[in-house]
Amino acid sequence: MSSYGQYPAAPGAAPTGGAAPGPDRNLLFAGLAGAALILIGSLLAWSTVSAPEGVDGSSESSGGTNGDGLWTLIAALVIGALLVAALVRKNATLALASVVPSLIALVVVVLNIFDAERTARADLSGEDLSSEDLDMFFELVDVSVGVGVWIALVGSLVAVGAAAYAGVKARS
C-alpha cells in the first residue's frame, strides 16, 4: 500500500518530552566574562600605600596575589571551569554551582574594600616586622583600595548574577 494521500508529520516537528533545556549560552558567556574580570582584578593592585598629604613621598602598591587576591584567583578559575563545563554539557546544575565560588570571591573582595590595609599588611608581613611596628606604620601612611579590587568586584557581581539567573532560568 502506498503512503500517497496520507498526512505525514509536519516537517521539523519537535519531539515531545526529552531532556530539560540547557542554560542560556549568553548568560554563561556573561558569567565567563565575570570570571575573567575577577582573574584580571586578582592580578592587579589591591591596595596603595602613600605618604600622607603634605609629606613628600612616593606610593607603593600591593598586588592582589600577595594577600586575599590569591583566593579570588582560585575562585575565578573554578568559576570558569564550571561555566565551561555547563556550556559543553548544557547542564544548568553546573552553572548554578558556579554561584558558590562567585559568592566566595564577592565576600573576599568586599572585605578588602572595607579594610584596605588587608593586602598591604599581608605584603609587609614577610618583612620581619612586629604587629606593633605594622600598626605604627599604618598610622603614619594613607592606604587606599587599589583598582584590582574594583575590577574583581564588578566581575564577581556579574558572575554571581549571570550564573544564578542562567541556572534558575534553565530549571524553570
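**Order of elements.** I read the chain from the N terminus on and noted its elements as α-β-β-α-α-α-α-α-β-α. I looked up the totals: seven helices and three strands. The model is a predicted one.

**Burial.** I checked how much of the chain is buried. The chain has 172 residues, and 35% of them count as buried.

**Helices α1 and α2.** I took up this pair next. Helix α1 covers residues 25-43, and helix α2 covers residues 69-89. How are two packed helices described? The angle between their axes and the distance between the axes are what is given. For α1 and α2 I noted an angle of about 160°. Their axes lie 8 Å apart. Angles over 145 degrees count as roughly antiparallel, so α1 and α2 are roughly antiparallel to each other. I also looked up the handedness: α1 passes α2 in a left-handed crossing.

**A surface patch.** Which residues form the nonpolar patch on the surface? I found Leu70, Trp71, Ile74 and Val78. Together they have about 390 Å² of accessible area. I picked out Val78, which sits in helix α2. Its relative accessible area is 37%.

**Gly161.** I ended with this glycine. Where is Gly161 placed? I found it in helix α7, residues 147-171. Its relative accessibility is 35%, so Gly161 counts as partly exposed too. Then I checked Gly161 against Gly31. They are 130 residues apart in sequence. In space, the two are 7.7 Å apart, C-alpha to C-alpha.

Definitions and conventions:
Residues are numbered from 1 along each chain as its sequence is written. This is a predicted model: local features need pLDDT of at least 70, side-chain atom pairs count only at pLDDT 80 or more; totals for chains, interfaces and linings use all residues. Side-chain values use heavy atoms; hydrogens and water are left out. Patches are made of residues with over 30% relative accessible area and no salt bridge: like charges are joined within 9 Å, nonpolar side chains (Val, Leu, Ile, Met, Phe, Trp, Tyr) within 5 Å. Accessible areas come from the Shrake-Rupley method with a 1.4 Å probe; for residues, only the protein chains shown count as cover. A salt bridge is a side-chain nitrogen of Lys or Arg within 4 Å of a carboxyl oxygen of Asp or Glu. Helices (H or I, at least four residues) and strands (E, at least two) are DSSP runs, numbered from the N terminus. Buried means under 20% relative accessible area, exposed over 50%, partly exposed in between (1.4 Å probe, protein chains only). Axes are lines fitted to C-alpha atoms, for helices over the stretch in contact, and angles run from 0 to 180 degrees between N-to-C directions. Angles under 35 degrees count as roughly parallel, over 145 as roughly antiparallel, 65 to 115 as roughly perpendicular and the rest as oblique. A crossing is left-handed if the near helix is turned anticlockwise from the far one by less than a right angle, and right-handed if clockwise.
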